[in-house]
Every structure is written in C-alpha cells, then in structure tokens.
Amino acid sequence: MGLQDSSQDLSTEMEVDAFRRIFPLRFFERHLSESLRPDGRQLGKARDTIVNLGLVSTADGSALAKIGSTTMLAAIRMEVMTPSTDSPDEGCIALEFHMPPICSPTVRPGRPADAAPVISKRLSDTILSSGMIDLKELCLVSGKAAWMGYLDIYCLDADGALFDAALLSAVAAFSNLQIPVVALNDNGRIVAITGGKDQDNASITEKEAVNKEKRKLTLKNIPFSLTCILHKNYILADPTTEEESIMDTLVTVVLDSSDQMVSFYKSGGSALAYSSAIKSCVELARKRAKELNQILGEMDID
Amino acid sequence: MAAKPGAATPTYSPKLVGSSRLPIFKDSDLDWSRPDGRGFHQCRPALLQTGAVSSASGSAYAEFGNTKVIVSVFGPRESKKAMVFSDVGRLNCNVSYTTFASPTIGQGTDHKEYSSMLHKALEGVIMMETFPKTTVDVFALVLESGGSDLSVVISCASLALADAGIMMYDLITAVSVVCACYNSCIHSSALSFKVISIGEEC
C-alpha cells in the first residue's frame with residue numbers, strides 16, 4: 001500500500017479522466033463515500049428502463065429492452081413439433097442468448113463471448129423454474145403436434161447488467177407474442193390460416209381451427225431480476241460495465257410478481273455475502289420488481 | 001429448456017411455403033409497377049442515425065424500408081492477429097445476420113461473402129496510414145433483411161466510421177441495381193425494353 005501516498009500526491013494534479021483510468025478503484029471509492037456514483041445515481045437506484053414491443057416484423061413476438069445503455073432485442077418464432085411421448089401435452093421453448101461483435105469491444109467475431117452461454121443457461125433455468133409459461137398452453141393436438149418457440153435474444157449494446165436486460169426483454173417478448181391461428185389439414189400437418197386470397201381453402205375450411213383466435217400466452221409469476229455489486233460495505237444496484245470490471249462481486253436476485261424468490265445467484269468474487277447484505281439485495285430487488293411490473297403493465301395496455 | 005435431452009427435435013413452420021409471392025413480371029405487360037409503388041429509379045425512404053451503440057468507438061443504425069442494420073466500429077486498437085510490424089493500419093470486417101433476419105424460417109443464406117465485400121469497399125476510402133500498427137474493426141449486424149442488404153451495410157459502415165473519427169477520403173454509399181431485359185418476339189421489330197429497378201429483392 002506504499003502506492004497510496006504517491007497517488008495522493010498525483011491525484012491533486014491529475015485530470016479527472018486520467019485519474020479515472022489510472023486509479024479506477026480510488027475514483028469510485030471517492031464517490032461511494034459520498035453515497036453517489038460517477039453518473040450521479042444513488043447507490044440503490046437502477047438506470048432508466050425502456051421497453052418497446054413488436055419491432056421485428058418477421059417474428060411472432062418481439063421486444064427491445066434498454067436499461068441505461070444496455071440494449072437487448074428478443075424475438076420469438078413459433079414452429080410446430082411432435083411432442084415427446086413422456087409429455088404429449090406439452091410444447092417446448094428453446095432459448096438462446098447471443099452476443100454479436102457489435103455489442104462490446106471484448107467480443108471477437110467467430111469466437112462466442114465468455115458470458116453468452118452462461119447467461120443463456122441462467123435465463124432458460126430462470127424462465128422455466130419461475131413457472132411463467134405453462135407448456136400445456138403450447139399444445140395443439142395432444143400427442144401429435146405442439147408449438148416449439150424459438151426465443152433469440154441479441155445483445156445490441158453491452159453496458160453492464162446483461163442478465164437483467166435480457167430477462168426483461170424475454171418477458172416482454174412473451175407478452176407481445178401472438179400465436180398464429182392454425183388448423184390440421186388432411187395430411188396431418190399443421191398449416192397456418194391466413195385468410196389470404198391465394199389459398200386453397202377447401203381442405204382447411206372443413207377442419208376447424210385448432211386454436212380459435214390468435215392467442216396470447218397467459219403469463220403468471222413473471223420474474224424480475226436485479227444485479228447488484230457488493231464492495232466492502234456498499235451495495236450498488238444495476239452496475240455499468242466499468243463498475244463490473246473494477247469490482248468483481250456480483251449478486252443477482254430474481255423475484256416474481258408475488259415477491260417470491262425465484263433465484264439467487266452469486267458466483268465467487270472477493271466480497272463475502274453476509275446475511276445482512278443478502279437482505280439488502282433482496283429489498284432492492286423487491287423495489288425494482290415493482291418498478292418493472294409497472295413498466296410492463298403500461299406496455300400491455302398499449 | 002423443458003429439458004428434452006439428445007438431438008434437437010425437428011420442427012417445421014406452419015406457414016405455407018412459397019405462398020404469397022406474386023410474380024412481378026407478367027408476360028405481355030409492359031407497364032408493370034413495383035410492388036411498393038416506387039418509381040424504377042427511386043430508393044426507399046431511409047433512416048440513418050449515429051451513436052446507436054455506446055460501447056463502440058463509433059456506430060450507426062440504418063433503416064431502408066424493412067432492411068435494418070447496425071454497424072459498430074472499434075478502434076484503432078491493438079491487433080491480436082498481427083505478428084509483424086506494419087506501417088499501415090489493418091481493417092477487419094465482419095457481417096452477421098440475426099436468426100430472425102429473413103422472412104423465411106431458418107437461416108436463409110448466410111452471406112459469408114459479405115464480410116470480404118465490405119472490406120473491399122472500405123479499404124479504398126480509409127486512410128490506413130493514419131493508424132499504423134493498429135487495427136480498426138468494423139462489425140455489422142443485420143437485424144432484418146428486406147433486400148439490398150449489402151448496400152445498406154456499406155452506407156451504414158461509412159457513417160459509423162465517420163462517427164468513430166477514422167480518417168477517410170470521403171463518405172461512401174452503395175446501392176443495388178437490378179437489370180431486367182424484356183424482348184418481345186411478337187412485334188415485327190424486336191423490342192428491347194430495359195428496366196432498371198433499385199433495391200428490389202427478387
């Protein structure tokens with residue numbers, strides 16, 4: 001710690017930007033001691049969140065979620081599959097999280113980002129275990145046909161809290177999803193009823209539509225997440241990339257709309273999570289879940 | 001998800017294959033018009049915006065009708081690949097598509113050649129000698145493909161490079177052109193009717 005004295009001397013003469021690059025931890029700790037962060041936020045406050053629905057015309061449901069600068073685009077496409085014999089009444093959701101090279105200077109083309117498969121797995125586990133989607137609603141003809149939903153989430157701008165933004169965009173895409181109306185034709189294949197003029201309606205009008213009108217999934221127990229950083233005795237909610245690179249202990253809490261905990265994730269890091277820290281994180285997550293619930297509620301009404 | 005182990009289950013899209021593609025040309029019709037009502041030499045209305053991606057040195061977003069593209073520029077930064085000293089900079093380009101970019105289900109065509117075509121377009125206009133020993137990375141992601149993808153990517157890339165402050169001789173733009181010839185054998189004088197349409201996907 002002999003460096004401390006020299007940095008004290010240098011800091012009085014250095015420009016703010018240079019100090020931020022050379023002594024990032026000291027820069028942040030100066031702000032934390034005033035209960036502020038460099039972008040002016042309070043410690044427990046998340047960045048401005050925006051959600052937009054229905055942007056991708058080629059998908060059956062889509063959403064764009066922005067938390068601060070972190071931007072995620074989620075799109076769902078529905079295809080028909082044969083359900084497995086163990087669960088003939090259930091459909092399936094295949095989720096994949098992509099980090100294309102545009103999103104961050106650390107991602108190289110041809111080499112998937114380190115964080116991508118981790119977030120992919122965490123997202124599918126979270127969505128499955130929260131019980132948000134009832135797979136039985138994806139059934140078309142029991143034992144013969146069911147929906148397979150391909151959910152692809154693309155990170156367009158990576159600025160910290162990737163899991164939170166990705167989960168929000170996935171949930172919003174499901175709320176935007178319109179399942180196409182289909183019928184079973186004579187060959188046993190499911191075909192879409194578009195009501196278009198060029199169709200051969202003869203085979204279709206005889207069978208009634210398997211799902212009556214364009215349907216939406218009922219979402220219960222929607223999960224909302226908040227990622228926090230633990231550093232000494234500070235807890236910072238919704239970190240940016242800069243904060244994540246300096247302070248390495250990240251905790252993610254996922255709660256659902258009835259305040260039940262869906263998941264708690266802490267993987268390593270130099271700070272230990274004592275029960276008081278955990279309680280504070282859960283409390284912050286609870287407030288955040290209310291905010292996000294309100295934002296999504298406003299979306300649905302539109 | 002929903003834990004089905006083993007190989008991926010085959011799925012199919014319920015949408016009718018090759019359904020609603022109206023033929024653009026009708027045999028004896030000399031006055032055909034483009035499906036969206038544009039004139040033959042008319043481009044689609046465009047939206048161009050810089051600063052789309054905050055993590056990049058420079059970025060741009062372009063929308064030409066249904067074709068939506070984001071381009072990020074990183075650099076000049078250290079080249080991981082370069083082994084020898086070079087007194088000119090290097091340019092690295094990559095164009096990728098989202099899985100939902102094409103209206104047909106599945107990957108569509110991957111367009112792997114677009115990366116090298118973008119490189120060829122940009123290498124003439126960037127002043128490489130202004131960033132020796134380093135690399136400028138230009139990455140493009142096509143969010144939705146509505147035709148003329150490469151030309152939109154090139155125009156958007158030059159805007160992103162300008163946003164990043166990379167020195168160039170000029171801003172470059174690109175446009176796709178389709179040339180269709182119509183020959184009538186019915187009339188005594190052979191009628192050769194050249195139609196040029198811009199930015200159309202056939």
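**Interface and strand pairing of chains A and B**

The contact between the two chains takes 47 residues from chain A and 39 residues from chain B. The model examined here is predicted. About 3,700 Å² is buried between chain B and chain A. Carbon and sulfur atoms give 59% of that area.

The rule finds one salt bridge across the interface of chain B and chain A. This salt bridge is formed by B:D137 and A:R108. The closest N and O atoms of B:D137 and A:R108 are 3.6 Å apart. Across the interface of chain B and chain A there are 16 residue pairs in polar contact, with both residues at pLDDT 80 or more. On the side of chain B that touches chain A, the elements giving two or more residues are β1 (11-12), β4 (67-78), β5 (90-97) and β6 (134-144) of chain B. The most comes from β6(B), which gives six residues to that side. By class, the side of chain B that touches chain A comprises 20 nonpolar, twelve polar and seven charged residues.

Strand pairing also links the chains. Strand β3 of chain A, residues 70-81, is joined to β1(B) by two bridges. These two strands run antiparallel. Opposite A:M81 stands B:T11 of β1(B).

A:S104 lies in the loop between β4 (92-98) and α4 (115-130) of chain A. Its relative accessibility is 8%, so A:S104 counts as buried, the cut-off being under 20%. The side chains of A:S104 and A:T106 are joined by a polar contact of 2.7 Å. With neighbours within four places in sequence left aside, A:S104 is in contact with B:S55 and B:F74 of chain B and with A:A158 of chain A.

Within chain A, strand β6 (residues 145-157) pairs with several strands. Twelve of the 13 residues of β6(A) are buried, so the strand is largely enclosed by the rest of the structure. Eleven bridges pair β6(A) with β3(A) in the antiparallel sense. In this pairing, A:I153 of β6(A) stands opposite A:A74. The pairing of β4(A) with β6(A) is parallel and has seven bridges. There, A:I93 has A:G149 as its bridge partner in β6(A). Strand β5 of chain A, residues 139-141, pairs with β6(A) over two bridges in the antiparallel sense. A:C139 has A:A146 of β6(A) as its bridge partner. The hairpin of β5(A) and β6(A) has three residues between the strands. In that hairpin, A:G143 takes a positive phi near 85°.

Within chain B, attention turns to strand β3 (residues 58-64). Six of the seven residues of β3(B) are buried, so this strand is largely enclosed by the rest of the structure. Strand β2 of chain B, residues 46-50, pairs with β3(B) over five bridges. The sense is antiparallel. B:F64 of β3(B) is the bridge partner of B:A46. β3(B) is also joined to β4(B), by seven bridges, and these strands run antiparallel. B:K68 in β4(B) stands opposite B:E63. Two residues lie between the strands in the hairpin of β3(B) and β4(B). In this hairpin, B:G65 takes a positive phi near 65°. Strand β4(B) is also among the elements that give two or more residues to the side of chain B touching chain A.

Key: Residues numbered from 1 in each chain as written. Chains lettered and ligands numbered in written order. Predicted model: local features only at pLDDT ≥ 70, side-chain atom pairs only at ≥ 80, totals over all residues. Heavy atoms only, no water. Contact = heavy atoms within 4.5 Å. Buried area = accessible area lost by both parts, 1.4 Å probe. Salt bridge = Lys/Arg side-chain N within 4 Å of Asp/Glu carboxyl O. Polar contact = N/O pair within 3.5 Å; in protein donor to acceptor, adjacent residues only side chain to side chain. Helix = DSSP H or I, 4+ residues; strand = E, 2+ residues; numbered from the N terminus. Nonpolar A, V, L, I, M, F, W, Y, C, P; charged D, E, K, R; others polar. Pairing = 2+ DSSP bridges. Buried < 20%, exposed > 50% of the residue type's maximum accessible area, 1.4 Å probe, protein only.
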